[in-house]
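I am opening a notebook on a structure that is new to me, and I want to write down what I look up in the order in which I look it up.

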Amino acid sequence: MLFDTHAHMDDRAYDADRQALLAALPEQGIGLLMNPGCSLESSRNAAALAETYSYIYAAVGSHPDAADEVNEEVLEEYRKLCKLNPKIKAIGEIGLDYHYEDIPRELQQKAFVAQMELAQELNLPVIVHERDAHEDGMAIIRQFPRVCGVFHCYSGSAEMARQLTDLGWYIGFTGVLTFKNARRAIEAAQAIPLDRIVIETDCPYMSPEPFRGRRNEPSRVCYMADKLAEIRGISAEEARRITFENGKRLYGIDG
């Protein structure tokens, strides 16, 4: 059984075949799927998907690309969604992205802090997107020692991964783990405890080899499990079992 711990099934890329893809997940060995929001609109959509399918859970939050929408009204709606829908298990996808800097850094940091405060208030884990902002990202999470979660689509060093897991965080690996130039991701996956690793597609992005460049789908999370098994010298079945249980523990999913 597999747990795709980060998939954007509310994305427009699935408008033509979303229902068929989601209905097929159990027969493809996908037991659970976490759909995080990236904005207020996508958070609402993620929450609706979680209510429709028993094996789908949701997170609500504003990605750094949507940091300019974060205000008290938006935070209040996230608060209400979390309290009304027990299948919302995290605040996310939140964080920092300095790669393109379409949103000013100060505004991204302000939105990140505000949503970390919300997670602390609600006692929920967070899903962190961090790109080219390692120092600032670490500085902000250290302000909230009672908040943990996952750094998804991990792009940092092995040393930073060890620092995060020492603080109680999880590390999420995508199809990048299968890329030929994936040295940093592989080093990080080798460096941290197995009980802190989760796997994800981040679909429709980050398709693993041999599908790189095509629309990604949850069924391909098996490629990350197989690559992790190879990296850590364990069986594919064990990699599936460990990452499935890790994902459940991360998001507080019982049963």
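**Entry 1: the largest pocket**

I note before anything else that the model is predicted. I looked up the largest pocket and found a volume of about 1200 Å³, with a lining of 46 residues, of which His63, Glu93, His129, Asp202 and Tyr205 lie nearest the centre of the pocket. I then asked which elements give two or more residues to that lining. They are helix H1 (18-24), helix H2 (40-52), strand E4 (88-97), strand E5 (126-131) and helix H7 (183-191). The largest share, 6 residues, comes from H2. Sorted by class, the lining of the largest pocket has 16 nonpolar, 14 polar and 16 charged residues.

I took His63 to begin with and found its place in the loop between strand E3 (56-60) and helix H3 (72-84). Is His63 buried or exposed? Its relative accessible area is 9%, and the cut-off for buried is under 20%, so His63 counts as buried. When I left aside the neighbours within four places in sequence, I found His63 in contact with Cys38, Glu93, Asp97 and His129; Glu93 and His129 are also among the residues that lie nearest the centre of the largest pocket.

Asp202 I found in the loop between E8 and H8. Asp202 is buried, with a relative accessible area of 7%, and its phi is near 55°, a positive value in a residue other than glycine.

At 32% relative accessibility, Met206 counts as partly exposed. Leaving aside neighbours within four places in sequence, I listed its contacts as Cys153, Thr174, Gly175, Val176, Thr201 and Asn216. I also looked up Met206 against Phe179: the two are 27 residues apart in sequence, and their C-alpha atoms are 9.9 Å apart in space.

Pro210 is found in this loop as well, and a cis peptide bond, with omega about 10°, joins Glu209 to Pro210.

In helix H5 (residues 134-142) I found Gly137, Met138, Ile140 and Ile141 to be buried. Why are they on the same side of H5? They cover an arc of only 165° around the axis, and this puts them on the same side of the helix. What these buried residues pack against is strand E4 (88-97), helix H4 (105-122), strand E6 (149-151) and helix H6 (158-166).

In H7 the buried residues are Ala185, Ala188 and Ala189. Their arc around the axis is only 100°, which puts them on the same side of H7. Among the elements that cover the buried residues of H7, I noted H6, E7, strand E8 (197-199) and helix H8 (221-232). I recall from the first entry that H7 also gives two or more residues to the lining of the largest pocket.

**Entry 2: aromatic rings**

How many aromatic pairs does the count come to? The count comes to 6 aromatic pairs. I looked at the rings of Phe151 and Trp169, whose centres are 5.3 Å apart and whose planes stand at 80°, so the pair is edge-to-face. This pair links distant parts of the chain, with Phe151 in strand E6 and Trp169, 18 residues apart from it, in the loop between H6 and strand E7 (170-173). Both Phe151 and Trp169 are buried. I also wrote down one aromatic cluster, formed by Phe3, Phe244 and Tyr251.

**Entry 3: one more positive phi**

Lastly I looked up Asn123, which has its place in the loop between H4 and E5. Its phi is near 55°, again a positive value in a residue other than glycine. Asn123 is exposed, with a relative accessible area of 68%, whereas Asp202 is buried at 7%.

Note on methods:
Residues are numbered from 1 along each chain as its sequence is written. This is a predicted model: local features need pLDDT of at least 70, side-chain atom pairs count only at pLDDT 80 or more; totals for chains, interfaces and linings use all residues. Side-chain values use heavy atoms; hydrogens and water are left out. Buried means under 20% relative accessible area, exposed over 50%, partly exposed in between (1.4 Å probe, protein chains only). Helices (H or I, at least four residues) and strands (E, at least two) are DSSP runs, numbered from the N terminus. The arc is that of the directions from the helix axis to the C-beta atoms. Contact means heavy atoms within 4.5 Å. On a 1 Å grid over the protein atoms alone, a cavity is a set of points where a 1.4 Å probe fits but cannot get out, and a pocket is an open set with protein on both sides within 12 Å along at least five of seven lines; lining residues have an atom within 4 Å of a point. Grid points are joined across faces, edges and corners, and a volume is the space filled by probe spheres set on the points. Ala, Val, Leu, Ile, Met, Phe, Trp, Tyr, Cys and Pro count as nonpolar, Asp, Glu, Lys and Arg as charged, and the others, Gly among them, as polar. Rings of Phe, Tyr and Trp (its six-membered ring) pair if their centres lie within 6.5 Å; planes under 30 degrees apart count as stacked, over 60 as edge-to-face and the rest as tilted.
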